[in-house]
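Hello,

Here is the structure I promised to pass on. Please open it alongside this email; my notes follow below.

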Amino acid sequence: MDKKIIFKSLNKSQVKWRVAGSLILFLVCLVVIFPAYANIGIDWVNNKTSIGIPTLPNSGFNLGLDLQGGAHLVYQAKVDDIPENERASSVEGVRDVIERRVRGGLGVAEPLVQTTKVGEEYRVIVELPGIKNVSDAIQMIGETPVLEFKEANNDKPRDLTDAEKAQIAEYNDNANYKIKNILDEMKAGASLEQMIEKYSEEKELVMGNIGFITEEVHPEIYAWANSANDGDVSQIVIKEMDGMSVVRKLSTRDGEKEVSAKHILICYRGASYCESQFSEEEALSKINNLKAEVTVENFSELAKQNSTEPGASESGGDLGFFKAGQMVPEFENAVWNVPVNTISEVVKTDFGYHLILKTGEQTRKEYEISRVFISTMQASDVLPPEDAWKQTGLSGKQLKRAEVAQNTQTGQIQVSLNFDDAGTTLFSDITSRNVDKQVAIFLDGEILSAPVVNEAIIDGSAVISGNFTWQEAKLLVQRLNSGALPVGIEIINQQTVDASLGMDSLTTSFKAGLIGLMLVALLMIIFYRLSGLISVVSLVIYSVVVLAIFKFIGVTLTLSGIAGFILSIGMAVDANVLVFERLKEELTEGKSLRSATEEAFVRAWPSIRDGNITTLISCVFLIWFGSGFVQGFAVALSLGVLVSMFTTIIITRNFMRFIFSFLDGKKFNWLFLGGVKKEKIS
Amino acid sequence: MNIPFIKYSKMWLFISGVAAVISVIFLIMWGLKPGIDFTGGSLMELRFAENRPVADEIKAVFVKSGLEVSTQNSGEKILIVRTSFLDENKHQEILTNLKEVTTGDITEISFETVGPTISQQLKQRAWMAIVLVSLGIIIYIAYAFRKVSRPVASWKYGLLAVIALIHDLLIVIGVFALLGHFYGIEVNTPFVVALLTVLGYSVNDTIVVYDRIRENLLRRREDDFGVLVNAGLNQTLWRSVNTSFTTLLTLFALYFFGGSTIHSFVLALLIGIASGAYSSIFIASPLLVVVEKWQRK
């Protein structure tokens, strides 16, 4: 037998303190679990003694989905058009937004919103215990607005696939075939009207009449009609971008009057779009000098040299033909009704000072056309519509605040946006990239407005004007503030647990737990007598401590969590049993109660330690592996195992030391030796 | 007390071997019956306030919408319906249709939809986890038992513990393959969790026995390894029985008094832990002796 007995020589008072400490721990934990009772006590004390002890927050346990009933929703985040390295953070943004929504809007006690990645897909799990109406919840989450900022997409459209090329070729072959038929039949004497009736794809027209056309809309047909007479039928096929036609010119009429002119512009500081540095007086004197110099012949040359209009050095100030209403009133008035080749007086507009030379006047014709039309197919018909816009990364995620605002000048109702730091940086980049270009604001996938950027915006605030009424703006601001999602979401999994099912599970599990505890207590006392009793006390303290920890940390209690907890009770018992068996052995070998006790704990410890560590290893992997059920179980089991190591080694041990100090001497050994045959006691 | 466990090592190993092989055969023949977590789909539990319609009537509602369906009665008023994946619209549509063929109220007690994408992940991770846990355990035991590398190397203790453990898992799986085939009992995530728990717990049990053997190795001078092991078994016998018994007791309490949703889970645990207790004594230890004998040859 090994003579080296390692035990702590503690004196009685040290042990007493430890025992007392354990009892206090017990009471504290009880209070944590049942604050209601503690509050009653506190209130009583407060009444009697007028000491103001604050009452404890009376929160219940955090009940999980299966115990309380509620909803479990899984959403998929649509991250396809977000660059890979930003996906995770976008989904985090979604998580935050949904959580805000759910907390605020639904009055749910403790929503659990978490992101998860499954393979390449990003998902968000939303657990709403206590929710009565799941479709309400789904709807509310679904209403979250998706706000995106996009810039013009200048990427090339992709090439056609072979299949698509074949598709287009086939279609156009078909079209050509039809047209050939038309021409043949007309050669054979059929009239255009008969062809229209038989072949034309414009079924909605009356006799193929497309009305009066201008040069802009149907340039090819117009060109032919210019040299044709009324009533003529084109002998050839006229090809346009979207199809082929054989046409008849029905009649002619006058179109709008148009004027052509050249001008010299001298703009001054403060004029619209002006980049020159002249002052108003300087500009005026300059234009007056030019006025003295200018003639019809040198007009272009002078324009090229002096005009501040961008591009004037090439164009010579030529504006081409324009219709009424296209130029500002002051400009138009100076040229509209004067004879050709008149040079105007100095004209002042918002743009600066002008000299205008009228170079021509015309009234263009419009032609009435009827036609038989066969459509053709082009690449743009087959390719998916080119997104005019592409993502910038700026979205609702970086939105700090939205407010309703009113433009002081125009009185227009607007929505003003404030971005957070990340958003401010992003926004300033975007605006500096896109000066003089459009940046589009999309809400729920629809374009809300696409203002032109005047200058880089570095203070992180933007304004959306979109013809809002006060009500509309207010509603939008509300939605934006309660959370604008950076990406769209789609629900892929829902689990509703009826509350009553949860209730039943709760009560039955609770009862099962109690029964389990009582059975074990009974067993311990039968087998180990006094030690058993001590261990039962220790087990009760253990349970209370574990539950208090659950509540304190806020572990959500689910059915599986309770199962893990109950299992850990069994394992706590195991640790005690290891010690007691050892104790029996030591006593049998004739040691005193005290030394036998110490020895028992020392000897039993390696087994307890190794066993519990392997269980903990399994738990670690379970926590990593699982979600929901699995994690709840593993967390409860781990906590239970850890606490049980504590209660066995510290609490049971010290209780035993304490009580044994009263029972020294071998005659008390019978209290511990349970099922050992009497002959063995010496 | 000196029960000669080791003397009959061959017999125990033979019985256990046969049991394991039978389990494997069951598994190959019938496989486990996968639950909704693995196959994906929708699981609906309905309570009918008045008469529960005949199964065929209910099925007709689903078939009309082009869905696969199977039904299960539960008690007097409850019906469990299993069908292919329903999106929310379809779900509501089916409920409306069902209400039309029923007199009285229908309450939907629970509705669980799992798209097949989720289940694939679960499967892979389950296997991963089991492998990792086994490795973790072997490594830890190799380290903890490093002082008793004679006559048997410490890592072998870990390996044998894992073998005993695999036997336990196989038994549980075999039983559930049987139950799945004859009673339609399904395995879901809880089953996997039960397996993992059995894993940790069974090794725990085996370790306690090995631990005693280790202590004996360190303290006693005994040439016959077999005698040493046998002594260790006897010394820890009472403790093993007690421990397993108390744990099983709590599980029985859970089984009979706990919620019905965890029944198969608890059953798996019961079988696994009972087997774990058995394997520590009748497999892990005899194997040690056998290995030691082989080494000497």
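In chain A, 71% of the contacts with a separation of 6 or more join residues 24 or more positions apart. This is a predicted model, so please read everything here as computed. For chain B the corresponding share is 77%.

Chain A in outline

Chain A has 682 residues, and 36% of them are buried. Its secondary structure comes to 19 helices and 17 strands. The mean pLDDT of chain A is 77, with 80% of the residues scoring at least 70. Two stretches need caution. Residues 1-7 of chain A stay under 50 in pLDDT, and the model gives them 10 contacts beyond four places in sequence. Residues 674-682 of chain A are also below 50, with 11 contacts beyond near neighbours in sequence.

Take A:Met207. It sits in the loop between helix H7 (192-199) and strand S5 (209-213) of chain A. Is A:Met207 buried or partly exposed? It has 13 other C-beta atoms within 10 Å, so it is partly exposed.

A:Asn341 also has a positive phi without being a glycine, with a value near 70°. You will find A:Asn341 in the loop between helix H12 (329-335) and strand S9 (347-349) of chain A. A:Asn341 counts as exposed because 11 other C-beta atoms lie within 10 Å.

A:Ser276 belongs to the loop between strand S7 (243-266) and helix H9 (280-293) of chain A. It has 16 C-beta neighbours inside 10 Å and therefore counts as partly exposed. Which residues does A:Ser276 touch, not counting those up to four places away in sequence? They are A:Cys267 and A:Thr308. A:Ile266 is 10 residues from A:Ser276 along the chain, and their C-alpha atoms are separated by 8.4 Å.

Chain B in outline

Chain B has 297 residues, of which 44% count as buried. It holds nine helices and four strands. Along the sequence they run α-α-β-α-β-β-α-β-α-α-α-α-α.

The mean pLDDT of chain B is 78, and 87% of its residues reach 70 or more. Where in chain B is confidence lowest, and where is it highest? The lowest is helix H2 (residues 36-39), with a mean of 62, and the highest is H1(B), at 90. Watch residues 115-119 of chain B as well: pLDDT stays under 50 there, and the model has 14 contacts for them beyond four places in sequence.

B:Met11

B:Met11 lies in helix H1 (residues 9-30) of chain B. It counts as exposed because it has 11 C-beta neighbours inside 10 Å. B:Met11 and B:Pro286 are 275 residues apart in sequence, yet their C-alpha atoms are 10.0 Å apart in space.

Two packed helices are described by the angle between their axes and the distance between the axes.

The crossing of H6(B) past H9(B) is right-handed. On the H6(B) side, the contact residues include B:Leu160, B:Ile163, B:His167, B:Asp168, B:Ile171 and B:Phe176. From H9(B), those taking part include B:Ile271, B:Gly272, B:Ser275, B:Gly276, B:Ile283 and B:Leu287. What is the make-up of the contact of H6(B) with H9(B) by class? It has 15 nonpolar, six polar and two charged residues.

Model scores

For the model as a whole, ipTM is 0.73 and pTM is 0.54.

Best wishes

Methods
Residues are numbered from 1 along each chain as its sequence is written. Chains are lettered from A and ligands numbered from 1 in the order in which they are written. This is a predicted model: local features need pLDDT of at least 70, side-chain atom pairs count only at pLDDT 80 or more; totals for chains, interfaces and linings use all residues. Helices (H or I, at least four residues) and strands (E, at least two) are DSSP runs, numbered from the N terminus. A residue is buried if 20 or more other C-beta atoms lie within 10 Å of its own, exposed if 12 or fewer, and partly exposed in between; C-beta atoms are placed from the backbone. Two residues are in contact if their C-beta atoms, placed from the backbone, lie within 7 Å. A crossing is left-handed if the near helix is turned anticlockwise from the far one by less than a right angle, and right-handed if clockwise. Ala, Val, Leu, Ile, Met, Phe, Trp, Tyr, Cys and Pro count as nonpolar, Asp, Glu, Lys and Arg as charged, and the others, Gly among them, as polar. pLDDT is the predictor's confidence in each residue, from 0 to 100.
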